[in-house]
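The sequence and structure come first, followed by the points grouped by topic.

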Amino acid sequence: MSDKVRKLIIAIDGHSSCGKSTVARQIAHELNYIFIDSGAMYRAVALYCLRNQIIVDGIVDLPRLLANLENIKVYFKWNPLTGQNDIWLNEENVAEEIRLLQVSQNVSPIAAVAEVRHLLVSLQHEMGKSKGIVMDGRDIGTVVFPNADLKIFMTADPKVRAQRRYDELVAKGEEVSFEEIMTNIIERDRYDESREVSPLRKAGDAIILDNSLMTREEQLAWIFDKVSDI
Ligand code: CDP
């Protein structure tokens, strides 16, 4: 691989539960890049808010959230057991807990708060300084790295996305219904697309990848094809 390819910033945005993080992690692994799951950062802040009753029934106590922001430290730490970077919230590894459906059901109102975005985007900029990074999220190609070398906008049929997420959570032993997953996916997309600050939208220069009918291998091949075109 040439030096040029080693120094890229690859931005992967898209709808909820379409496998962005899985594919981003695989690309980073193949290219020997850093992988950053920006959604995990928003989820960690949402977890803090849930634990401290800063969000109750989907309603955010904004003054308390702002007063607490300086107490919320979110960072990634290498886990030698899994060979992955886990997300930490203050002194605790929360990589598992942030995946709970309860967190998915509360993260979007937290992610719509300008000050939360400001804090996390500045951390993401820091992480992208050395390049050689694959970051996935909702606003990576539009706001975080508007000059990214490759921008992909991922999507898939909502039913396919819900089924994949349902299978994932059930495999982990979480008791959830297909309907609540489907509702969460649709509501989260709607919330993320209609918020005022950095709404989810495809960057003008992003390439769409609809993986409804693709295997993981096919999507990886599709992306590497785009990487080699740069
Ligand atoms: O994995 P999944 O697609 O379900 O979601 P995620 O990437 O973990 O993101 C969780 C939530 O965080 C999203 O629904 C957004 O509300 C928010 N998010 C965001 O606003 N901006 C990002 N760059 C990443 C996530």
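The ligand takes up the space of the largest pocket. A pocket here is an open set of points on a 1 Å grid over the protein atoms alone, with protein on both sides within 12 Å along at least five of seven lines. The model is predicted: local features need pLDDT of at least 70, side-chain atom pairs count only at pLDDT 80 or more, and totals for chains, interfaces and linings use all residues. Residues are numbered from 1 along each chain as its sequence is written, and side-chain values use heavy atoms, with hydrogens and water left out.

- The elements giving two or more residues to the shell are α3 (38-51), α5 (101-111) and α9 (178-194); helices (H or I, at least four residues) and strands (E, at least two) are DSSP runs, numbered from the N terminus.
- With four residues, α3 gives the most to this shell.
- There are 20 residues around the ligand, of which Ser17, Arg43, Arg117, Asp139 and Asp192 come nearest; a residue counts as near if one of its heavy atoms lies within 4 Å.
- The shell holds 10 charged, six polar and four nonpolar residues. In this division Asp, Glu, Lys and Arg are charged, Ala, Val, Leu, Ile, Met, Phe, Trp, Tyr, Cys and Pro are nonpolar, and the others, Gly among them, are polar.

**Polar contacts and burial**

- A side-chain N or O atom of Asp192 is 2.7 Å from an oxygen atom of the ligand.
- For Arg188, the distance from a side-chain N or O atom to a ligand oxygen is 2.8 Å.
- Ser108 has a polar side-chain atom 3.1 Å from a ligand oxygen.
- The protein buries 98% of the 540 Å² that the ligand exposes when taken alone (Shrake-Rupley method, 1.4 Å probe).

**Three-stranded sheet**

- The strands form an open sheet in the order β5-β6-β7, with antiparallel pairing; two strands pair if DSSP finds at least two bridges between them.
- β5 and β7 are the edge strands, each with a single partner, so one side of each has no neighbour in the sheet.
- Six bridges join β5 (residues 74-79) to β6 (residues 84-89), with Tyr75 opposite Trp88 and Lys77 opposite Asp86.
- Four residues separate β5 and β6 in their hairpin, where Gly83 takes a positive phi near 70°.
- β6 and β7 (residues 92-93) are joined by two bridges, and Trp88 stands opposite Asn93.
- The hairpin of β6 and β7 has two residues between the strands, and Asn90 in the turn has a positive phi of about 50°.

Terms used:
Polar contact = N/O pair within 3.5 Å; in protein donor to acceptor, adjacent residues only side chain to side chain. 1 Å grid on protein atoms, 1.4 Å probe; cavity = no way out; pocket = protein on both sides within 12 Å on 5 of 7 lines; lining within 4 Å. Sits in = over half its atoms within 2 Å of the grid points.
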